[in-house]
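Have the structure open and follow along.

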Amino acid sequence: MSTYKLPLATNFTTKIDNKNTHLITLKNRTGMQIALTDYGARLVSVLVPNNRGELIDVVLGYDSINGYIEAQEQYQGATVGRFCNRIAAGKFTLAGENYELAQNNNGNSLHGGIEGFHRKIWDRQVSFNKQVDFYYVSPDGEEGFPGELNTTVSYELTNNNEIIIRFRARTTKTTVINLTNHAYFNLEGEGHGDSLGHEICIHSDEYLPINEKQIPTGEIAPVAGTVFDFRTPKMLGLDIGAAEEQLIFASGYDHTFVNNQPISQAIASAYSKTSGIELEVYTSEPGIHLYSGNFMADDKGKSGNKYLRYGGFCFEAQHYPDSPNQPHFPSVILQPGEEFNSEIRFKFNLKKEA
Ligand code: GLA
């Protein structure tokens, strides 16, 4: 498939909530191209060369803004916040106050609520054709969270075939924060069947078991001897159908792994033998959440092909789910006067078979 192209910018030009929306494209010196939209500060396309010298789009998504608005929400490519992943029963206590959020997922709060950051129109600034900064000010009390949150998400495309995503935020009141990017990858090309044949490697000795409502039990468990041991590369699909309670609770992988790596070392990677493309993930976040696309909804993607179950996987670098209710997890509290800072790097390599 050498026919992958960036979507048409005009398909992303409209007005929502009285704000103009756009498609912004960046290209590096080696020919890699990415597209972003201010609707949810989303990563729309990532064109990288495969082992046949063709540019293929390795990120799932839609070819128009209406696609993103109308499809069942999968958080495709989105900036997810203010609090990505789950908060049990949508409740937490902070500085003596009780907070209640919308229960938008099986009785829990998921991904910042009904109108989370993934549905906001972000302001934008493009610098030197290599970086896009998106800005959003979330009002105090939005989706039930305390404090006005001034947030910046920057995407930089380097000549080293890396996408560096930097998150920054400031609050006016003590609050909780957990931001991530929710891109789904398929290194054989989006719309190209499932991703179960990808070799996944996660340099983590521990993961967070969940209960039947997909909330961490609080235990930090060794991966050794379990289906969560990806310390040597393993096919995503190898154990996914195992009769293992943890996989049954989530209909596949939807689990957080502990990240003890410094940002200079990849916490995770994925590789497709078919395309020769490898993705490495580097992050300052204490966790990496592997989601195997268990709840994909058969909607049609950019290439017109349907996104089937497991059609893409996500490496969501983030703090641990339900941290506001689990004080032994790394803190997600942001105080006025402090700056929240975090970074995710997606690096694409072309590996030559020996
Ligand atoms: C996250 C969650 C999943 C699912 C997807 C979006 O990865 O952990 O359970 O909700 O987002 O569909």
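How do the residues of the lining of the second largest cavity divide into nonpolar, polar and charged? They split into two nonpolar, four polar and four charged. For the classes, Ala, Val, Leu, Ile, Met, Phe, Trp, Tyr, Cys and Pro count as nonpolar, Asp, Glu, Lys and Arg as charged, and the others, Gly among them, as polar.

Before going on, note that this is a predicted model, where local features need pLDDT of at least 70, side-chain atom pairs count only at pLDDT 80 or more, and totals for chains, interfaces and linings use all residues. Residues are numbered from 1 along each chain as its sequence is written, and side-chain values use heavy atoms, with hydrogens and water left out.

The structure holds two cavities of 30 Å³ or more. A cavity here is a set of points, on a 1 Å grid over the protein atoms alone, where a 1.4 Å probe fits but cannot get out; a pocket is an open set with protein on both sides within 12 Å along at least five of seven lines, and lining residues have an atom within 4 Å of a point. Grid points are joined across faces, edges and corners, and a volume is the space filled by probe spheres set on the points.

| Space | Volume | Lining residues, including |
|---|---|---|
| Largest cavity | about 50 Å³ | Asn-85, Leu-208, His-255 |
| Second largest cavity | about 30 Å³ | Gly-81, Glu-115, Phe-145 |
| Largest pocket | about 310 Å³ | Tyr-75, Asn-105, Tyr-291 |
| Second largest pocket | about 210 Å³ | Thr-3, Lys-5, Ser-303 |

Who lines the largest cavity? Strand 22 (residues 254-258) gives the largest share, three residues; strands are DSSP runs of E, at least two residues, numbered from the N terminus. By class, that lining has four nonpolar, five polar and two charged residues.

As for the pockets, 18 residues line the largest one, and they divide into five nonpolar, nine polar and four charged. The second largest pocket has 13 lining residues: five nonpolar, three polar and five charged.

**Around the ligand**

A polar side-chain atom of Asp-254 sits 2.3 Å from a ligand oxygen. An N or O atom in the side chain of His-111 is 2.8 Å from an oxygen atom of the ligand, and for His-289 that kind of distance is 3.4 Å. Taken alone the ligand exposes 300 Å², and the protein buries 96% of that; the areas come from the Shrake-Rupley method with a 1.4 Å probe.

**Two single residues**

Is Asn-260 buried or exposed? Asn-260 is exposed, at 65% relative accessible area, where exposed means over 50%, buried under 20% and partly exposed in between (1.4 Å probe, protein chains only). Asn-260 lies in the loop between strand 22 and strand 23 (268-271).

Gln-131, in strand 13 (residues 131-138), is buried with a relative accessible area of 18%.

Note on methods:
Helix = DSSP H or I, 4+ residues; strand = E, 2+ residues; numbered from the N terminus. Polar contact = N/O pair within 3.5 Å; in protein donor to acceptor, adjacent residues only side chain to side chain.
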